[in-house]
Amino acid sequence: MSLPPDFLDDLRARTGLAAVVGRRVKLTRAGRELKGCCPFHNEKTPSFYVNEDKGFYHCFGCGAHGDAIRFVMEQDGLPFMDAVKALAAEAGLTVPEMRRDDPEAQKRAGLYEVMEAAGDWYRAQLQAVGGADARAYLDRRQVRAPLVAQFGLGFAPDSRDALSKALKAKFETLEPAQLAEAGLTGEAEGRRYDRFRGRLMFPIHDPRGKPVGFGGRILGDGEPKYLNSPEGPIFHKGRLLYNFHRAAPAARKSGRLLVVEGYMDVVGLAGAGLMEAVAPLGTALTEEQMQLAWKLVPEPVLAFDGDGAGMRAASRAATRALPLIGPGRSLRFVALPKGQDPDDLARTGGKAAVEALLATAIPLERFLFEREAEAAPLDTPERRADFRQRLKALANEIADQDVRRDYLRTWLDRADALLRPARPDRAGVAPRNFERRRGMGGPPPIPPARPETRAAAAGRQEQTCAMLLKTLSLNPALVDDLVEPLAELALETPSLMLARDRLIVHQPPGELLAGHGALFGGIKSPDQLRAKVASALASVTESHHIQLSADEPRNLETEEAFADAFLQQKQRHEQRLKAQERLRRLAIESGGG
């Protein structure tokens, strides 16, 4: 009597050995492994090592050796089946009935062999004469020979039965039903045909590295653009992540994991030196895929495409993750420039550009708050109340009580700050009836100067920033020249931050000289307005003590000289890169289209 070998392999793949051992042993990183004092004998110098990639532990002191099942058996004194049931319950697996023989396991073993042979054949076709178009496509995408070999890329000729014939010649006993179960053939009108034709082929592996399916990208026009293997005995796309078996060692070493949308994104990032990337198989990120990612790192980073579809996919993943998050287990998000994907970024900017983008990742709680804040106007009491109710409903999705409480408190505090009306600081600002009073009896007396507190200075700066943003929103033609200092503008009020972000990304329409109001008086031309805005923006970025009003005297020569120096400084490479990456983060505000 025994359990199916595939079930045990799946159980080991889904069970984090380091997590199981770490509950009993304090482990520290030692290169690619973890080490600690052996729990099976007394020792003061660690000689007990855990190799997560290979799935075993070993003690060089007493010789103890085994996998997660063996560790639970030895530590808890459990028989084999009880240890399996305990680990299966943690992994969310159902233990199958034990059988004297397992024909299903034998069938799956045969399918793995067929899939390996199909991958070999596809790889050979890529290098053959018929693979010229596929090779040219890879050249255009800068996927060189080492990457092609590393990912086992291949080519499926546009033939109805070329693969079927090749596999039947290799396996004398191969039945047509086996090819269909492997997802390599289909049937229409009583005739079987090769499922993948005229496509660049990406082999898909399970967490153990066994080939279980393929993804095929069409080279010319046609739909679907990507075609995956169908669900079958060994292929379950909602429970797999492309490149997981290669990304696992790199992710454990770097402490991060990138989740991207497509196969080419994974390949492109690897070409830039970032192997710790995985991708769902053409679907939204599922709960099973999140659990798989959390086996490697506590906070995977979602880097979906910078378009509406990418933002929607990120939004669905964020909502789906809420019931699963807990202490030390969450997600982070980055926003790519609109219209770009990770492969584009890796090819044009290299590893440095990707690293800079990752540095802008925001946590799940902030991503969801900003999504809800942008979902509808917040200009009436009813809409503001609805906003708070949506936040409460999202928080209630979190299963962990402590995390749920913290999310709700954080969100409501942030909502209060966003929705609270700004208190006008009228110090130094002429009253509304100032002109009428001037006409009747001259200007009011100037109040004596008094020391300005840090809070008052910050408040005046925020007022100035609000007027600047209003001016720019009505004059979008100015934005292109002021993107960098605008992106680095220090703001404390969430509503102003959101306004600035929307301005940079969306650039709303307006008249060039309309609406500059009390901030800039006496403007005669667009060039004058551009110079004034640049000067004010540079000044307010550097100082908390700048006040702009219609009646305040200005030293234009000094300000323009200061602005020139400031803008020259911004030409430095480091500052440009910082601003560019700031904009990539801000682009998340417009990803929904």
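**The main core**

Which residues have the most contacts inside the largest nonpolar core? They are Tyr-122, Phe-151, Leu-167, Leu-184 and Tyr-242, in a core of 64 residues. A nonpolar core is a set of buried (under 20% relative accessible area, 1.4 Å probe, protein chains only) Ala, Val, Leu, Ile, Met, Phe, Trp, Tyr and Cys residues joined through side-chain atoms within 4.5 Å. Helix α5 (residues 103–127) gives the most to this core, with 9 residues. Apart from this core lies another, of 46 residues, with Trp-411 and Phe-369 among them.

This is a predicted model, where local features need pLDDT of at least 70 and side-chain atom pairs count only at pLDDT 80 or more, while totals for chains, interfaces and linings use all residues. Residues are numbered from 1 along each chain, and side-chain values use heavy atoms, leaving out hydrogens and water.

**A look at Phe-151**

Beyond its neighbours within four places in sequence, Phe-151 is in contact (heavy atoms within 4.5 Å) with several residues, including Pro-203, Tyr-242, Val-266 and Met-275.

**A hairpin to find**

Now follow strands β7 (residues 185–188) and β8 (residues 191–194), which run antiparallel and are joined by 4 bridges. Helices (H or I, at least four residues) and strands (E, at least two) are DSSP runs, and two strands pair if DSSP finds at least two bridges. Ala-188 stands opposite Arg-191, and Glu-187 has Arg-192 as its bridge partner. The hairpin has 2 residues between its strands, and Glu-189 in the turn has a positive phi of about 55°.

Methods
Buried < 20%, exposed > 50% of the residue type's maximum accessible area, 1.4 Å probe, protein only.
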